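Subject: Structure for you to look at

Hello,

Here is the structure I said I would pass on. Please open it first and then read the notes below beside it.

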Amino acid sequence: MWRIRAFEERVGELTRANEVHGLVHLSIGGEGVAVGVCGALRDDDVVYSGHRAHGHAIAKGAPPAAVLAELMGREGGLCHGLGGSMHLVDVEHGFFGATGVVGGNVPLALGSALAARLAGGDNVAVVFFGDGAVQGGIFVESVNIAALWALPVILVCENNGFAEFTPRSAHTTVERVSDVVAPYPIERLTVDGGDVRAVRVAFSQFLDAARAGGGPMLLECLTHRFGGHYEGDAQQYRERLAADEWRRVDPIARLGIADHGVELEARDEIDEAERVARASPFPDASLMERLVYAP
Amino acid sequence: MTSYIEAIAAALADAMRADARVLVLGEDVAEGGPWGATAGLADEFGRDRVRDTPISEAAICGIAIGAAQSGLRPVVEIMFVDFVTLALDQLVNQAAKAHFMSGGQLTVPLVLRTQGGAGQRGGAQHSQSLEAWLTHVPGLKVVMPSTASDAAALLRAAIADPNPVVVVENKTLYFRREELSDEPVELGRAGVVRPGRDATVVALSRLVPEALAAADELAADGLELEVIDPRTLVPLDLDTIVESVRRTHRLVVAHEAVEHGGFGAELAAQVQAAAFDELDAPVGRVGAPFSPVPFSPPLEDAYLPGRAEIVQAVQAL
């Protein structure tokens with residue numbers, strides 16, 4: 001979790017310094033979900049994510065230097081600088097990618113789950129999305145088919161109570177995302193996403209069941225988004241948490257491990273990642289033409 | 001003699017026999033579909049590989065993309081091209097860009113079969129020709145076969161291609177019968193359907209047989225049309241078209257889609273950029289008026305461009 005925290009804090013700094021470019025959505029406060037879920041998975045389990053994806057990619061195994069280089073638009077980035085923050089992909093580690101269109105990633109995970117099921121393996125697909133994605137039609141379409149086909153897919157909702165700049169209560173009368181799927185034969189659970197152990201325990205139960213032929217499942221993780229919707233968001237629509245309130249929801253503080261060595265090690269690692277990313281050149285323009293179509 | 005739709009069904013079955021990764025998804029596909037394009041597939045290959053879906057075009061398309069990224073070769077059917085609107089996020093934002101945005105890590109070997117065109121009194125939401133939208137999206141390939149032979153051969157090529165390919169069939173061609181040809185057809189290769197010396201007509205889909213009828217009519221007046229079917233809009237075989245224009249010096253582009261913003265505009269622009277000095281007249285365009293497709297039969301008949309409009313456009317050159 002410290003690796004993700006240190007990474008995100010550095011990305012915030014580099015965004016303000018105009019070294020990281022574009023629309024950047026940080027996951028500070030959500031590390032417990034990323035680690036609790038991805039830590040239980042294998043490389044051959046496919047993960048999809050949304051626009052707030054840095055933590056998921058790193059938790060799934062993407063090297064921080066390559067993620068940071070991608071955010072800086074460099075050749076050495078995960079996607080050679082063609083993707084950016086909202087389009088991270090690391091196939092080697094089963095991170096099939098982030099998507100910038102809210103909710104658009106959900107059916108992709110069903111497709112990967114279908115491929116896994118037809119191939120006869122025990123691997124699963126997981127998709128992260130926010131509570132804002134649930135009000136879209138494609139979410140309902142996907143939930144219906146996932147249930148109908150009993151696919152080995154685990155839907156992980158990070159419910160931070162805000163869809164971009166608007167509280168959930170202004171968008172829907174259904175408070176809990178897990179209740180949205182209530183009519184379907186989908187195992188569902190709402191957990192405290194700031195408690196990494198609780199996430200890991202709940203997710204592992206779903207994972208074991210999915211590997212044994214079950215599915216689909218929905219795990220709703222209640223989280224706190226420490227920052228704004230994006231870097232630069234003035235957040236006039238909500239009040240910042242006081243420091244003691246933040247400590248009560250901070251997944252790292254709540255873990256209760258008072259070992260600064262882990263934090264220092266993570267910060268050193270991110271220093272090194274930044275050094276590597278900065279050393280990478282911007283990609284050559286010829287890359288564009290080569291990658292529009294697969295050969 | 002084989003019909004266009006039978007040729008498609010046979011090509012799908014061949015592809016599924018040859019490659020266990022090929023699966024078919026769509027509304028009513030296990031029942032054969034409304035025209036029979038998937039008839040018999042569920043019996044031979046089972047419902048794991050011939051999957052009926054709910055009426056959820058966006059999710060169907062997204063599932064196929066995920067499956068393709070995970071190693072399968074899905075062939076999705078969207079029953080009418082009019083409904084591709086419901087799947088455009090998946091097609092445009094996900095499928096078309098996955099290879100590029102991932103720096104080449106992901107590939108999406110997906111085929112999306114659909115059909116368009118008017119002439120069956122379907123009204124404005126079941127009769128459109130929307131191929132130009134699709135050709136505007138880098139990362140998609142777009143195929144529009146006009147014959148049974150091409151429909152089969154291009155479908156096979158699309159399934160073998162590592163990229164997302166949209167195959168836009170035409171409902172009025174489905175039951176036309178022909179002897180299947182063995183001519184090898186690949187994506188991005190136009191066909192010179194009828195050689196001629198006086199003017200070139202590049203026609204898409206249903207307007208290919210209409211252009212051939214126009215050529216017959218004009219031949220009686222001693223005017224020899226060369227009719228070219230690009231077959232694949234993206235990638236486009238511009239060379240074959242330009243080579244023809246260098247001989248005929250006159251060009252008409254013809255499609256059923258609304259002329260305004262249609263693919264014919266792109267064809268005209270590319271040809272004039274490549275061979276402006278070869279043209280003896282401005283490129284003529286044939287397309288539908290800037291209107292939704294009307295329902296009332298006499299209005300729909302008047303709306304549809306065909307042989308007469310092609311003849312008129314050639315004579316106006």
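This is a predicted model: local features need pLDDT of at least 70, side-chain atom pairs count only at pLDDT 80 or more; totals for chains, interfaces and linings use all residues.

Which residues of H6(A) and H3(B) meet? From H6(A) they are Ile138(A), Glu141(A), Ser142(A) and Ile145(A). From H3(B) they are Ala58(B), Ala59(B), Gly62(B) and Ile63(B). Sorted by class, this contact holds 5 nonpolar, 2 polar and 1 charged residues.

That crossing belongs to the contact between the chains. Here 33 residues of chain A are in contact with 33 residues of chain B. On the side of chain A that touches chain B, at least two residues each come from strand S2 (95-98), helix H5 (106-119) and helix H6 (137-148). Which element gives the most to this side? It is H5(A), with 10 residues. The side of chain A that touches chain B is made up of 22 nonpolar, 10 polar and 1 charged residues.

Next, the sheet in chain A. Its 6 strands run in the order S2-S1-S3-S4-S8-S7, the pairing is parallel, and the sheet is open. S2 and strand S7 (187-192) stand at the edges with a single partner strand each, so one side of each has no neighbour in the sheet. On average, neighbouring strands of this sheet are turned by 15° against each other, direction ignored. In general, the strands of a sheet pair through backbone hydrogen bonds, and the pairing can be parallel or antiparallel. One pair to look at is strand S1 (residues 46-49) of chain A with strand S3 (residues 125-130) of chain A, which are joined in the parallel sense over 3 bridges. Within it, Val47(A) stands opposite Val126(A) in S3(A).

Now chain B. How many domains does the domain assignment give it, and where do they lie? It gives domain 1 (2-178) and domain 2 (191-315). Taken over C-alpha atoms, the centres of domain 1 of chain B and domain 2 of chain B are 26 Å apart. Domain 1 of chain B puts 24 residues into the contact, and domain 2 of chain B puts in 24 residues. On the side of domain 1 that touches domain 2, the elements giving two or more residues are helix H6 (131-135), strand S6 (141-143) and helix H7 (148-160) of chain B. That side of domain 1 of chain B has 10 nonpolar, 10 polar and 4 charged residues.

Last, a pair of helices within chain B. Helix H9 (residues 238-248) and helix H10 (residues 263-275) of chain B pack with their axes 10 Å apart, at an angle of about 60°. H9(B) and H10(B) are therefore oblique to each other, and their crossing is right-handed. H9(B) brings Leu238(B), Ile241(B), Val242(B), Val245(B) and Arg246(B) to the contact, while H10(B) brings Gln270(B), Val271(B), Ala274(B) and Ala275(B). By class, the contact of H9(B) with H10(B) has 7 nonpolar, 1 polar and 1 charged residues.

Regards

How values were computed. Residues are numbered from 1 along each chain as its sequence is written. Chains are lettered from A and ligands numbered from 1 in the order in which they are written. Domain bounds come from an automatic or database domain assignment. Two residues are in contact if their C-beta atoms, placed from the backbone, lie within 7 Å. Helices (H or I, at least four residues) and strands (E, at least two) are DSSP runs, numbered from the N terminus. Ala, Val, Leu, Ile, Met, Phe, Trp, Tyr, Cys and Pro count as nonpolar, Asp, Glu, Lys and Arg as charged, and the others, Gly among them, as polar. Axes are lines fitted to C-alpha atoms, for helices over the stretch in contact, and angles run from 0 to 180 degrees between N-to-C directions. Angles under 35 degrees count as roughly parallel, over 145 as roughly antiparallel, 65 to 115 as roughly perpendicular and the rest as oblique. A crossing is left-handed if the near helix is turned anticlockwise from the far one by less than a right angle, and right-handed if clockwise. Two strands pair if DSSP finds at least two bridges between them.
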